[in-house]
Amino acid sequence: MNPDGAFDRASGTCCASDLALTNGYGSVILHTPASLGVHIMKRAGVIGLFVVWCLVMGERNALAYVDPNSGSMLLQIVLGGAAGLALIVELLWRRVLSVFGLHGRDRSRNDHAKG
Amino acid sequence: MAIAFDPASFRDRHARVFRRDGRILRALSALGLRDWELLKASTFFQRHVDAGTLVRTRRAQDEAALLSELGAGWAAVVEHDAVPFISYPYEWTFGMLRAAALLHLELLGDALEEGLVLKDATAYNVQFVGTRPVFIDTASFTRLQPGEVWHGYRQFCQTFVYPLMLQAYKDVPYQPWLRGSLEGISARDMYAVLSVRDLVRPGVLPHVILHAKAQARFEDTSADVRTALKRAGFNRALIQSNVARLRRVIEQLEWTGRGSPWAGYAETHSYSDKDVEQKAAFVDSATRASAPRWVWDLGANTGRFARVAADHADHVLALDVDGPAVERMYRDLQSGPTNILPLVGSLTDPSPGVGWRNEERLPMLRRGKPDLTLCLALVHHVVIGAHIPLPDFVDWLSTLGADVVIEFVTKQDAMVRRLLANKDDHYTDYDQAAFEARLDRYFRILARLSIHEGTRVLYHGVRES
């Protein structure tokens, strides 16, 4: 079963920025029972984060280095609650900067100070 | 004699286990030693060791001699307290795997507080002493590098979260799956077995669906995700948040195993209280006489007689094929005694050797031997239920090298009649006289007791040396 065709692998580019909003989030509600829809609406925060995160992370790359752990690593942003949200904003900002050929500062250096 | 490392200890190049005269030792590289010293200096280490939830570990007294045997590349040797019997997640009942998962998260949470993390998150890092989970891989603790994610998250899902969900949400036993896959259940496979209804269950959306999708999405990425996250400021608060959520999900997972005829067998069986009392007294006196260190109760059901044996033995391994019955035993044992290890397993299809060289996880019979074996209300299931010829079964029993308390259930007994109700009785070998003759071949019968109007007979045999 695959109730949320939104993120179906068959759709290939599900997380590419142009498809994520139209084909992605909406179909979760359309193709599931009403009760589930209500529940998912409650969880819209999580899904919203996931969609934003897919936007941030950019295009698929077709190199054949299989490392499913990359997905597990990135998912941890979504699972990181409020701190994860801040990180997504940071990643978005970096993307904006990179469009203009600028680089954000490296935050890993003060990571320990933040804990 | 050259030191041979334990066949299961090869992943971590900086900390490898070996055995010497029954001792469990771990060779550490310079990096491994650094991690060990960090762990030893932490405040949670001693607290968990004292609580029995982290294996007691110390520098080996004969470290210098061991290091010279080990040769170059090693900086220290630590010694762990030995676990009485090594068991594997595919032999644990639901409650045990759940307890092991919660212990893992507790240790990870404590480690994160002090700037440490667990390198990996396999369920095989936990063992059970009785019903108490003990974390045994001290080498898994290391310093949390700035900006690092929790690298064990995927493994934690695969070997803890998904098996528990499979049992709790789908009422499907996870043991066969884990036995067939040491890496556990993948997010993709877990996703595939879920129904629409399961989507609203705790933890499914983030840990199964999003996880499966994220893995599929990024499986062929060439991006340096690790560095990208580090630069963006990934920090320990994110891991702590994830760990707290995972803990809440696991605490909500429940499985009672209702519907098994065996979990309620102690109340519903056909024999009387007097029969049970007689049987308990027989087991009691036989265990006293054999004075065993280890008793293996094969077909232990909910552990009624394992408890009797536990009074006179150091340890009891209580094995039964029925998950719900073992789950009930595990729950009942929370209030003691503490020397019974409940495990799920079949005598006629025992845990094999699996993993690298088929030696990473050993067959049950290579992990220990009993001094006394209990086979109560078992023989008819082995012979009539599983088609094992009766002489073969007694021959096999003798190879354990232990004394035996065995119950022969005659064909006049109601339970045997039920087993035979819908099949042809071609079990000509299932005969009391033939059974006794075979038993005599290997054991000296010290006591014999007829119960339940003579339809069941108990024997206490001691191994002829």
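**Four-stranded sheet, chain B**

I started with the open sheet of four strands in chain B, whose order is E1-E2-E4-E3 with antiparallel pairing. For my own bookkeeping, strands (E, at least two residues) and helices (H or I, at least four residues) are DSSP runs numbered from the N terminus, and two strands pair if DSSP finds at least two bridges between them. This is a predicted model, so I noted that local features need pLDDT of at least 70 and side-chain atom pairs pLDDT 80 or more, while totals for chains, interfaces and linings use all residues. Residues are numbered from 1 along each chain as its sequence is written, with chains lettered from A and ligands numbered from 1 in the order in which they are written.

At the edges of the sheet I found E1 (15-20) and E3 (57-59) of chain B, each pairing on one side only. The twist averages 30 degrees from one strand to the next; angles run from 0 to 180 degrees between N-to-C directions, and axes are lines fitted to C-alpha atoms, for helices over the stretch in contact.

I then checked E1(B) against E2 (residues 23-28) of chain B and counted six bridges in the antiparallel sense. B:Arg16 has B:Ala27 of E2(B) opposite. Helix H3 (residues 63-70) of chain B lies across E2, E3 and E4 (76-80) of chain B, at about 115 degrees to E4(B). Contact here is judged by C-beta atoms, placed from the backbone, lying within 7 Å.

Next I looked at H4 (residues 94-113) of chain B: its 20 residues reach 29 Å from first C-alpha to last, close to the 28 Å expected. That expected span is 1.5 Å times one less than the number of residues. After H4(B) comes B:Gly115, with a positive phi near 80 degrees.

E6 (residues 126-129) and E7 (residues 132-135) of chain B pair in the antiparallel sense over four bridges. They form a hairpin with two residues between them, and B:Gly130 in the turn has a positive phi of about 65 degrees. I noted two bridge partners in E7(B): B:Val134 for B:Gln127, and B:Pro133 for B:Phe128.

**Seven-stranded sheet**

The other sheet I looked up is open too, with seven strands in the order E11-E10-E9-E12-E13-E15-E14 (chain B) and mixed pairing. E11 (340-344) and E14 (443-451) of chain B have a single partner strand each, so one side of each is left without a neighbour in the sheet. Neighbouring strands are turned by 15 degrees against each other on average, direction ignored.

Inside it, E13 (residues 403-409) and E15 (residues 456-463) of chain B share six bridges in the antiparallel sense, with B:Ile406 opposite B:Tyr459. Helix H12 (residues 273-290) of chain B lies across E9, E12, E13, E14 and E15 of chain B, at about 165 degrees to E14(B).

**A helix pair**

Last, I checked H16 (residues 390-399) and H18 (residues 432-442) of chain B: their axes come within 10 Å and cross at roughly 25 degrees. That makes H16(B) roughly parallel to H18(B), a label for angles under 35 degrees. Among the residues meeting are B:Leu390 and B:Val394 in H16(B), and B:Phe435 and B:Leu439 in H18(B).

Methods:
Angles under 35 degrees count as roughly parallel, over 145 as roughly antiparallel, 65 to 115 as roughly perpendicular and the rest as oblique. Two residues are in contact if their C-beta atoms, placed from the backbone, lie within 7 Å.
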